[in-house]
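Please find below a short note on the model for a colleague who has not seen it before.

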Amino acid sequence: MTTKSEMPRLEGDTPAQRLLALLEVIAGKDQFFTLQGMVDETGLPKPTLHRMLQQLETSGMLQREADGRHYSKGSRLRRLAESLLLNDTVHGARHAVLRKLVDEVGESCNITALSGGEVLYLDRVETSAPLRFYLHPGSRVPVHCSASGKLFLAQMAPAQRRRLLNDLTLEGFTRNTLVDPEALEAEIETVGRQGYAFDDEEFLPGLLCIAVLAPNPDGLSNTGLAIQSPIMRMTREKAMECLPALQRAAEQIAAINREALSDAAQPAAAGGR
């Protein structure tokens, strides 16, 4: 039986966001489900959940089975999933670059983005080495103790950076975490000059990370690329030997991003003629 602590939280500030959160729960199911089953699973009031399921059924995202009690994924939701898989060539292209980088350096690598005061893992490829840290796509790391996070902070204007950091708690996760604002600011200035950053056991003990940003000639970059390794296999000196490969991969990902943005702009430009 699912306990309250195990129940999925349907987070969101608006009804639309909570409806999407419910759809995420449903998308992860491999069997039919009932209204009462979802009530038990989510803890939502039955009338609220009934209304939400009706909305999803009316939109074609869900369908009612022959007995009238069970729900399953609707044709519209299936088409949405199929379209995503068929057309998400940008993710596939970036993932191929990431996999090639892992093959080259022999360590786990990930693509990140800044999300509020956290660094979000967009994609990750694990090394085949027996000792490794598992940080799956969707993981979040505080910006102040992430190599990518320091790079995202370094490209901000000082006032913007202060506003962001003033709202955060500089929590110390290890003895190496920079929790003093002046020390962190000095580190960020160094990162800005050198164009790469380290996480030297600042978030997890025993984990070293080096990161760069995928360059964006039109402005700020929100795409980071990082190599992560246990310190028993990686030192700062060895990480620096991997830096050229990391920078080449970042340039390739930047090219993929630019091509995707260019393709997206073409229909709009054509429509304006």
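1. Rings of Phe, Tyr and Trp (its six-membered ring) are taken as a pair if their centres lie within 6.5 Å; planes under 30 degrees apart count as stacked, over 60 as edge-to-face and the rest as tilted. By this rule the structure holds 3 aromatic pairs. One of them joins Phe-173 and Phe-203 edge-to-face, at 5.2 Å centre to centre and with 65° between the planes.

2. This is a predicted model, in which local features need pLDDT of at least 70 and side-chain atom pairs count only at pLDDT 80 or more, while totals for chains, interfaces and linings use all residues. Residues are numbered from 1 along each chain as its sequence is written, and side-chain values use heavy atoms, with hydrogens and water left out.

3. Where in the chain do Phe-173 and Phe-203 lie? Phe-173 belongs to the loop between helix H7 (158-166) and helix H8 (181-194), and Phe-203 to the loop between E7 and E8; the pair links distant parts of the chain, 30 residues apart. Helices (H or I, at least four residues) and strands (E, at least two) are DSSP runs, numbered from the N terminus. Phe-203 counts as buried at 16% relative accessibility, whereas Phe-173 is partly exposed at 31%. Here buried means under 20% relative accessible area, exposed over 50%, and partly exposed in between (1.4 Å probe, protein chains only).

4. Tyr-196 and Phe-198 also form an edge-to-face pair, because their ring centres are 6.0 Å apart and their planes stand at 90°. Both residues are buried. The charged end of Arg-236 sits over the ring of Phe-198, 4.3 Å from its centre; this requires NZ of Lys or CZ of Arg within 6 Å of the ring centre and within 35 degrees of the ring normal.

5. Glu-201 is found in the loop between strand E7 (197-200) and strand E8 (207-213). Its phi is near 55°, a positive value in a residue other than glycine.

6. Which residues of H3 are buried? They are Leu-49, Met-52, Leu-53 and Leu-56. These residues cover an arc of only 95° around the axis, so they lie on the same side of H3; the arc is that of the directions from the helix axis to the C-beta atoms. On the other side of H3, Pro-47 and Thr-58 are exposed.

7. The buried residues of H3 pack against helix H1 (15-27), strand E1 (33-34), helix H2 (35-42), strand E2 (62-64) and strand E3 (70-73), where contact means heavy atoms within 4.5 Å. Gly-60, which follows H3, has a positive phi near 90°.
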